[in-house]
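Trainee: Please show me how to read a few features of this model.
Mentor: Take a look at it, and then we will go through them.

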Amino acid sequence: MTDGAVNRSARAPRVLVAADKFKGSLTAVQVAERVTRGLSRAAPGLDVVSLPVADGGDGTVAAAVAAGFDRRTVRVTGPLGEPVTAAYALRDGIAVVELAEAAGLRLLPAGVLAPLTATSHGCGEILRAVLDTGARNIVLGVGGSACTDGGAGMLTALGARFLAADGTPLPPGGAALAGLATADLTGLDPRLRDTGLILAGDVANPLTGPRGAAAVYGPQKGAGPAEVAVLDAALTHYADVLGRERSAEPGAGAAGGVGYGALVVLGAVFRPGIEVVLEVLGFDRALNGVGLVITGEGSLDAQTPYGKAPAGVAAAARARGVDTVAVCGRLALSPEELARTGIRRAYPLTAVEPDPERSMTHAGELLERVAEDIARDYLT
């Protein structure tokens, strides 16, 4: 644990739990439940408010639903072309869509990866379903994808046509983009012209090159060096056809280039995912009367300050003069690095259970224990 202290006399009776998921162990909703249980056990009668959060990746729709959005489902095309049931969230004309619901790595069968052929088609089908509801403000979270197709699949589902030299439609997947001769966008759903689309993510990578979608994220989707080269060349050609002007913009490399397709063709605006999610969920309003915020995610590490949920939560809380502490499975930041993110103290599960495997399999009960520690340190 790191050191830190809050003036006990300044404590308020209300605590806000705004944590992301512990990947592989607990959803953000489950994290909030366990932390609340531990706090209440150590400090009976404590007023605890839960607002599960996400940064645009897995769990973004669930966070919106937990905040009061309606959960809707639609049958769409999965990353391998098979049908899957995808969820999105809807409230007051605002829709929250999660690409991973239709094209996520988590949808692939165990041991099966398809870096060259996985498609984002289902994401476009979700967007079409959203348009059918009448919603014209959409937040598209773009984390956790299995595809590297530049968003071509998504755009095809929305009416675009990507054709080979002989006029036939390209097959799905990023590798096929090497054969792109014509991009026909005349058939795009006209409702998109009146729709505001926010691209929400934590990836600032460009579309191509050594920091591009294929080079950086292709390996985690199963691409070896040769396949990374194939995908990068295909995306480069794709950008040559659609226009390279925006291929280096932040967000263009998100979700295997889905960000690029959304920026160039759909007129999306890229924003850091956690900022968008906090705004949509009403985080600023939830802070009213709060004396302490508890945030967290599975690992607090070198990536945390760069658009991850805990840093975004801490920054927003600090702007309101509210202290933030964090729970995590693993802590790999120094006290100084934590302080720069606005987090006063971190409570890793590994401080209670040093065995990483047991820390993951028993994350729920361990979270309750560290929440009791937080209550004793700050709230009693």
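**A loop glycine and an aromatic cluster**

Mentor: Gly 289 sits in the loop between helix H10 (283–286) and strand E11 (290–300); helices (H or I, at least four residues) and strands (E, at least two) are DSSP runs, numbered from the N terminus. This is a predicted model, where local features need pLDDT of at least 70, side-chain atom pairs count only at pLDDT 80 or more, and totals for chains, interfaces and linings use all residues. Residues are numbered from 1 along each chain as its sequence is written, and side-chain values use heavy atoms, with hydrogens and water left out.

Trainee: Is Gly 289 buried or exposed?
Mentor: Buried means under 20% relative accessible area, exposed over 50%, partly exposed in between (1.4 Å probe, protein chains only). Gly 289 has a relative accessible area of 55%, so it is exposed.

Trainee: How many aromatic pairs are there?
Mentor: A pair of aromatic rings is described by the distance of the centres and the angle of the planes. Rings of Phe, Tyr and Trp (its six-membered ring) pair if their centres lie within 6.5 Å; planes under 30 degrees apart count as stacked, over 60 as edge-to-face and the rest as tilted. The count here is two. Phe 162 and Tyr 238 make a tilted pair, with 5.9 Å between centres and 55 degrees between planes. Tyr 238 and Tyr 260 are edge-to-face, at 5.8 Å and 65 degrees.

Trainee: Which parts does the pair of Tyr 238 and Tyr 260 tie together?
Mentor: Tyr 238 lies in helix H7 and Tyr 260 in helix H8, so the pair links parts 22 residues apart in sequence. Phe 162, Tyr 238 and Tyr 260 form one aromatic cluster.
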